[in-house]
Amino acid sequence: MFVFAKLGLFKVMVVVFAIYLIVKALAFIGDIASIIDLCAGAYLLLILMGVSPILGLLFFLWLLQKGLMSFFA
């Protein structure tokens with residue numbers, strides 16, 4: 001998603017994914033992982049608005065790691 005946001009591709013899909021991350025993070029706000037998810041969702045929306053994607057790699061690695069752990073767990 002961060003690559004799509006940086007390149008401006010699939011904007012609707014990126015917005016839907018960012019809103020999903022934010023809503024899911026707010027549902028489980030007591031966990032540190034949810035706080036990082038909230039930041040990642042907000043950062044995705046900021047990238048679409050033109051903010052420099054300097055932290056994009058960190059959030060990308062975080063979400064990739066979470067996805068792989070969920071897939072194999």
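Q: Which side chain does K66 meet in a salt bridge?
A: In this predicted model, the side chains of K66 and D37 form a salt bridge, with an N to O distance of 2.4 Å.

Q: Where do the two residues of that pair lie?
A: K66 belongs to helix 4 (residues 56-72) and D37 to helix 3, and the pair links distant parts of the chain, 29 residues apart.

Q: Is D37 buried or exposed?
A: D37 has a relative accessibility of 2%, under the 20% limit, and therefore counts as buried. K66 is partly exposed, at 21%.

Q: How many salt bridges are there in the whole structure?
A: The search finds 2. The other pairing joins D37 and K24 at 3.3 Å, N to O. Here D37 of helix 3 and K24 of helix 2 are 13 residues apart. K24 counts as partly exposed, with 26% relative accessibility.

Q: And which residues make up the network of salt bridges?
A: K24, D37 and K66 are linked in it.

Q: Changing topic: at what angle do the axes of helix 2 and helix 3 cross?
A: The axes of helix 2 (residues 11-27) and helix 3 (residues 32-48) cross at roughly 155° and come within 8 Å. An angle over 145 degrees counts as roughly antiparallel, so that is how the two helices run relative to each other.

Q: Left-handed or right-handed crossing?
A: Helix 2 passes helix 3 in a left-handed crossing. The contact includes V14, F17, L21 and K24 of helix 2, and D37, G41 and L45 of helix 3 among others.

Q: What kinds of residues are in that contact?
A: The contact residues divide into 14 nonpolar, 2 polar and 3 charged.

How values were computed
Residues are numbered from 1 along each chain as its sequence is written. This is a predicted model: local features need pLDDT of at least 70, side-chain atom pairs count only at pLDDT 80 or more; totals for chains, interfaces and linings use all residues. Side-chain values use heavy atoms; hydrogens and water are left out. Axes are lines fitted to C-alpha atoms, for helices over the stretch in contact, and angles run from 0 to 180 degrees between N-to-C directions. Helices (H or I, at least four residues) and strands (E, at least two) are DSSP runs, numbered from the N terminus. Angles under 35 degrees count as roughly parallel, over 145 as roughly antiparallel, 65 to 115 as roughly perpendicular and the rest as oblique. A crossing is left-handed if the near helix is turned anticlockwise from the far one by less than a right angle, and right-handed if clockwise. Contact means heavy atoms within 4.5 Å. Ala, Val, Leu, Ile, Met, Phe, Trp, Tyr, Cys and Pro count as nonpolar, Asp, Glu, Lys and Arg as charged, and the others, Gly among them, as polar. A salt bridge is a side-chain nitrogen of Lys or Arg within 4 Å of a carboxyl oxygen of Asp or Glu. Buried means under 20% relative accessible area, exposed over 50%, partly exposed in between (1.4 Å probe, protein chains only).
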